[in-house]
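Let's walk through this structure together, one chain at a time, and then look at where the chains meet. Have your viewer ready.

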Amino acid sequence: MNTVRVLVGTKKGAFILTSDGKRKRWNVRGPHFPGWEIYHVKGSALEPDRLYASQTSSWFGQVIPRSDDGGKTWHPPGSNPEELMSPDGMPKGESNKFAYEGPVGTHKWYDGTQHPWEFKRVWHLEPSLTDPDTVYAGVEDAALFKTADGGRTWQELPGLRSAKGHLWQPGAGGMGLHTILLDPRDPNRIFIAISAAGAFRTDDGGQTWKPVNRGLKSQYELPDPEAEVGHCVHRIAMHASRPGVLFMQKHWDVMRTDDAGESWREVSGNLPSDFGFPIEVHAHEPETIYVVPIKSDSEHFPPDGKLRVYRSRTGGNEWEALTKGLPQRDCYVNVLRDAMAVDALDPCGVYFGTTGGQVYASADSGDTWDPIVRDLPAVLSVEVQTLP
Amino acid sequence: MIRVVLPFHLRTLARVDGDLQLEVESPATVRSVLDALEARHPVLRGTIRDHITRRRRPFVRFYACQEDLSLEPPETRVPDAVVSGAEPFLIVGAMAGG
């Protein structure tokens, strides 16, 4: 029988939740890295026991630990002196070094002036689909980094910041690169998204990038309806069988593109609020998508104190509320952009974590929900692995 | 031998218990103590000083013999009592966060 492993990053450590394919009884392991903010944990699709984590602290900066045994033990790659010794005998210590390439440059600041790029933390780690030693890292201030040696060293792909980077501006939560989608059919095509710059695509493996934001409307923040960058994209999701079809939860509006981002159209339909953070696609039904509506950008909690996942089986526009097992009164948590994921079983499992420390799971595509755990630190990210 | 005391999270990261004993060439300065520490434990590079600027991270402080050395130039010599091992060189995570 399959095993499901849920990788949870929280404000105070990482947790690993495991179950058999029934997804009823869960084993909770953790906290790993207690006291550190764990923005994201993700495993390689090629070597599922190879996990990478973003471990970060306002005091001590960034660490990228790696596990080669499914999260039982962790080490920062290159954590012993021999592994990191340079030819002249000096320690390199580069597994947590994220240095922007070339002149650091500037981006737009909150007051409209230009502000130098400063590395703050890694928001998202995306292991390659073809090589377990290759991982992409989305960072704040927004840039894309890549390791090709299992996390020992990281290099920026600077072409991204050439895509009008001087016009990018941080959102309230910082200027983070939070979404990295690898096209399973074309290794040279990658989509990324940044708050608040928008969505971008490369078709040459990351050397050059172009904004793909046509159709996004941000009328108060960006009065110019043709603005190429500056859009506050919260999350993008893709189904592996249709990499040209993307679904987006924007600051306001749920959007869809059928042409790899060349044009977007709104599919918010009958949602009670089109504000929210995560968006996910069903593992086996590419037209079935999930969002968690949040009341507004001023009140980051569910409308009416009811935690409801909304599902569309028509690729948007028509949405149904999923409530069974979720609190329907006095609930004022948020669900952050990287805190929702699906497994690959049939029926598809759907998972999300809240800022209140609950991780909810549905083993029936969202029809019913149960909490796996209720009292973790605020959940920053949720990823799921389906293991043989 | 110079004794260095790390804050909890850096002890965990470096996988050490208690004080560290470091051999540091004379004259020992704040910079040479940190260089020796990072040479012994490369995983600590970037956690105390910024990788690029080599400046102290804002929420990390240095103390020795009840003196705050955090704002002193890196070439400042550490006190004799630290050089002799009688007193430790303290690396402290600042109390911050309210």
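What percentage of the 388 residues in chain A do buried residues make up? They make up 53%. Keep in mind as we go that this is a predicted model; the predictor gives the complex an ipTM of 0.94 and a pTM of 0.95.

Let's stay with chain A for a moment. If you colour by secondary structure, you will find 30 strands and zero helices there. The radius of gyration of chain A is 20 Å, close to the 21 Å that the globule rule gives for 388 residues, so chain A is as compact as a globular protein of that length. Its C-alpha trace spans about 60 × 50 × 40 Å along the principal axes. Of the contacts in chain A between residues at least 6 apart in sequence, 50% join residues at least 24 apart.

Now turn to chain B, where the average pLDDT is 93 and 98% of the residues score at least 70. Chain B has three helices and five strands, and from the N terminus on its elements run β-α-β-α-β-β-α-β. A compact globule with 98 residues would have a radius of gyration near 13 Å, and the 12 Å of chain B agrees with that. The C-alpha atoms of chain B fill a box of roughly 35 × 25 × 25 Å along the principal axes. Buried residues make up 32% of chain B.

Leaving aside its neighbours within four places in sequence, A:Val6 is in contact with A:Leu17, A:Tyr351, A:Val359, A:Ile372, A:Val382 and A:Val384. In soluble globular proteins, nonpolar side chains tend to be buried together.

Finally, let's see where the chains meet. Here 19 residues of chain A are in contact with 16 residues of chain B. The side of chain A that touches chain B has nine nonpolar, eight polar and two charged residues.

Methods: Residues are numbered from 1 along each chain as its sequence is written. Chains are lettered from A and ligands numbered from 1 in the order in which they are written. This is a predicted model: local features need pLDDT of at least 70, side-chain atom pairs count only at pLDDT 80 or more; totals for chains, interfaces and linings use all residues. Two residues are in contact if their C-beta atoms, placed from the backbone, lie within 7 Å. Ala, Val, Leu, Ile, Met, Phe, Trp, Tyr, Cys and Pro count as nonpolar, Asp, Glu, Lys and Arg as charged, and the others, Gly among them, as polar. pLDDT is the predictor's confidence in each residue, from 0 to 100. Helices (H or I, at least four residues) and strands (E, at least two) are DSSP runs, numbered from the N terminus. The radius of gyration is taken over C-alpha atoms; the globule rule is 2.2 Å times the number of residues to the power 0.38. A residue is buried if 20 or more other C-beta atoms lie within 10 Å of its own, exposed if 12 or fewer, and partly exposed in between; C-beta atoms are placed from the backbone.
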